[in-house]
Amino acid sequence: MNDRKKRMQAGAGSRRLKSRLEVHDVPLRALQIVPTAFIFWGPRRSGALWASCTSSREFIRLASECDPMSTNTEVTNRRRFQSGLTLIELLLALTIAAILGMALAFAFQAASRLQRAHTARMADQDATDRTEREITRVLRGARITAIATDTTTFFQGVSAGSQTDLGCDRLTLTTTEPGVPTPSQESADDFETQHQSRGPVGGLSEVSIGTTPVGDANSHTGLFERIQRPSDGDPTQGGMESTLNPEISQIGFQFWNGTAWISSWDTVATSDRRLPAAVQVSYRLSNATDDMVHVFVVAIPASNVTEANPDSAQGLS
């Protein structure tokens, strides 16, 4: 009851002092802190404070000391602005900035390495894709006549070195691919002029694919392709040889005879004048980190070998 009575007296005194201040045209700030002054000092001391003040500004200054929110905030802000950054705060900020800088530099380097590795992988993938497309094009154009005495057409899959788990390492065949070169198709010269300037541009081509060069390859390694147009009946030499893919270290060919895959097919050494139904090509890359074998299969449209009509003369040796 006593506390309630004191609060009621303080409220009444505060209202009387507010009335006195309003009469004397005291600023709003003084009116705002009057209740706080009454609570902090009591009505008598607050009244004595006002009576002793020569101006409203002096009353505001003295009464503000009893306003914790105003006084503490102002003092804290004033001290903060006066003190500025300490050495520890500055060192902490520099440390955080250095850590962020190192993290950004590491992320940039990692992204650069990833980009270079991706570019290298894409270049290797493009090279292998071109190689597979070229081999597929040559195999799909394979042609051979049924004449036993015809030595200008043949299909020969043998090993130039030792037999590997991938199959024979050299394939030589007559094919309609590569076709007539584009410059020859677009040229207005007659056949004799083109023959003299570009060589033979029509007929079957003799194509040989393997990792062992037929001629002198100097220091070149990889997968080689030899093209001779037209075929001269000798599958061991002739024509122009170039590097098809320098990254292929090993290649193997296997042939589908209608019932199984066999590792050799030779129409020159046998009287069998048939093409395999399909050829399985397997190869390894020299720059690969693992021993992965790339495999693709090419069906030969001109073959008459089927499951119902298999070939039993090839692959016996």
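Predicted model: local features only at pLDDT ≥ 70, side-chain atom pairs only at ≥ 80, totals over all residues.
Mentor: Start with β4, which is mostly covered: 5 of its 6 residues are buried. Buried means under 20% relative accessible area, exposed means over 50%, and partly exposed is in between (1.4 Å probe, protein chains only). Strands here are DSSP runs of E, at least two residues, and helices are runs of H or I, at least four residues, numbered from the N terminus.

Trainee: How many bridges join β4 to β5?
Mentor: 5 bridges, and the two strands run antiparallel. Two strands pair if DSSP finds at least two bridges between them. L223 faces N245 in β5. R226 stands opposite E241 in β5.

Trainee: And which residue stands opposite E225 in β4?
Mentor: I209 does. Strand β3 (residues 205-210) pairs with β4 over 5 bridges, also antiparallel.

Trainee: What's the strand order in the open sheet?
Mentor: β5-β4-β3-β2-β1-β8, 6 strands with antiparallel pairing. β5 (240-245) and β8 (265-266) are the edge strands, each pairing on one side only.

Trainee: New topic. Where is T128?
Mentor: In helix α6, residues 87-140.

Trainee: Buried or exposed, that T128?
Mentor: T128 is buried, at 6% relative accessible area. Beyond its neighbours within four places in sequence, T128 contacts N245, Y283 and L285. Contact means heavy atoms within 4.5 Å.

Definitions and conventions. Residues numbered from 1 in each chain as written. Heavy atoms only, no water.
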